[in-house]
Amino acid sequence: MKKKICTVIIVAIMGLFAVPETGSALSPEKLQEMLEQGSKVTIIDIRNSEIYREGHIPGAISIPAAIISKKQLPPVGAVVVYGDGIRTDLDEEAADALNTRTGIQAAVLEGGFSAWESLNLPTTHRSGFSEERLEYLSYQDLEKITAGNRDIVLVDMRSTQASGKPDSSLTDLSAIFPGLSIIRMHNKLRSDGNEWDLSAVTGRGGKDTQYRWLYILIDDGNGESEKVAHSLKAAGIRRMAILTGGELILRRGGLPGQQN
């Protein structure tokens, strides 16, 4: 009887980490459930070591993405890889590299560390005040993560006409990044001045599903994205990044501008 039960458990775990051709992902809730049940799983944090030390998933080991393909690992069985939840291409590359090793079945943590935080799951973060870190993406990095990634939502904060419609001179986001969701964020007038209406983001789904979307903030290159990012973090939105240069870099197709 014991042998039969053990066989069922092993098959179930192997099923979780079977890696199809398109790769596999494990939700934060499922990983937490496995940890609570005492399942044997190795968690690898591929962010840089400094960020890892600031806070990580309890029990995770640090192997930065830059060296994971060269790192010698024993056949540890089930592995979950996670990054910042922004550069998802690095997570997939790390899992692919590990899956070439004998005795390792690697899956990616869906939404990375930012998704884990969004759900208020346990971390090693110290209590008290810590400097808030904002994530930035270059145009080239954005191109990399949009390939086949449908959980990205472009948050358009660029200038609009008086009617509220996008300025016709703006770069067409749907042409550059076909297939991605695009939402418009508006300014709203209050007694203390213009403020951004966050409802287009905060009202998207429930708290238990927000982590599934990676929000990319795009402004005119005027720093407004930073203000909104701080407000969104205060509202519990963790998985987001700012396109460095905004509309200015879009118009140049990612090419650097003229140096003064």
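A quick word on the model. It is predicted, so local features need pLDDT of at least 70 and side-chain atom pairs count only at pLDDT 80 or more, while totals for chains, interfaces and linings use all residues. Residues are numbered from 1 along each chain as its sequence is written, and side-chain values use heavy atoms, with hydrogens and water left out.

Back to R47. Where does R47 sit? It is in the loop between β2 (42-45) and α3 (49-54). Helices (H or I, at least four residues) and strands (E, at least two) are DSSP runs, numbered from the N terminus. Is R47 buried or exposed? R47 is buried, with a relative accessible area of 10%. Buried means under 20% relative accessible area, exposed over 50%, and partly exposed in between, using a 1.4 Å probe and protein chains only.

R47 has another polar partner. A polar atom of its side chain lies 2.7 Å from the backbone oxygen of G55. Leaving out residues up to four places away in sequence, R47 touches Y52, G55, H56, S62, P64, Y82, G83, D84 and F113. Touching is a contact, meaning heavy atoms within 4.5 Å.

Now zoom out. The chain has 10 helices and 12 strands. Of its 260 residues, 41% count as buried. The chain exposes about 14400 Å², and carbon and sulfur atoms supply 52% of that. These areas come from the Shrake-Rupley method with a 1.4 Å probe; for residues, only the protein chains shown count as cover. Take the contacts between residues at least 6 apart in sequence: 70% of them join residues at least 24 apart.

Next, the sheet that holds β2. It is an open sheet of 5 strands, in the order β1-β5-β4-β2-β3, with parallel pairing. At its edges stand β1 (25-26) and β3 (61-62), each with a single partner strand, so one side of each has no neighbour in the sheet. Two strands pair if DSSP finds at least two bridges between them. β2 and β4 (residues 77-82) pair in the parallel sense over 4 bridges. Look for T42: it stands opposite V79 in β4.

On to the other sheet. What is the order of its strands? It runs β6-β12-β11-β7-β8, an open sheet of 5 strands with parallel pairing. The edge strands are β6 (136-137) and β8 (181-184), each pairing on one side only. Helix α9 (residues 224-234) packs on this sheet and touches β6, β11 and β12 (240-243). The direction of α9 makes about 175 degrees with that of β12. For that angle, axes are lines fitted to C-alpha atoms, for helices over the stretch in contact, and angles run from 0 to 180 degrees between N-to-C directions.

Stay with β7. Strands β7 (residues 152-156) and β11 (residues 214-218) pair in the parallel sense over 5 bridges. V155 stands opposite L217 in β11. On its other pairing, β7 runs parallel to β8, joined by 4 bridges. D156 has a partner in each: I218 in β11 and R184 in β8.

Why is β7 called largely enclosed? Because 5 of its 5 residues are buried. In a regular strand the side chains alternate between the two faces of the sheet. In β7, I152, L154 and D156 are buried on one side, and V153 and V155 on the other.

Now helix α2 (residues 28-36). Its buried residues include P28, L31, Q32 and M34. They cover an arc of only 160 degrees around the axis, which puts them on the same side of α2. The arc is that of the directions from the helix axis to the C-beta atoms. Q32 counts as buried at 14% relative accessibility. Beyond four places in sequence, Q32 touches W116, L121 and P122.

Last stop: backbone angles. Most residues other than glycine have a negative phi. Just after α2, G38 takes a positive phi of about 80 degrees. N120 is not a glycine, yet its phi is positive, about 55 degrees. N120 lies in the loop between α5 (112-118) and β6. N120 is exposed, with a relative accessible area of 71%.

Terms used:
Polar contact = N/O pair within 3.5 Å; in protein donor to acceptor, adjacent residues only side chain to side chain.
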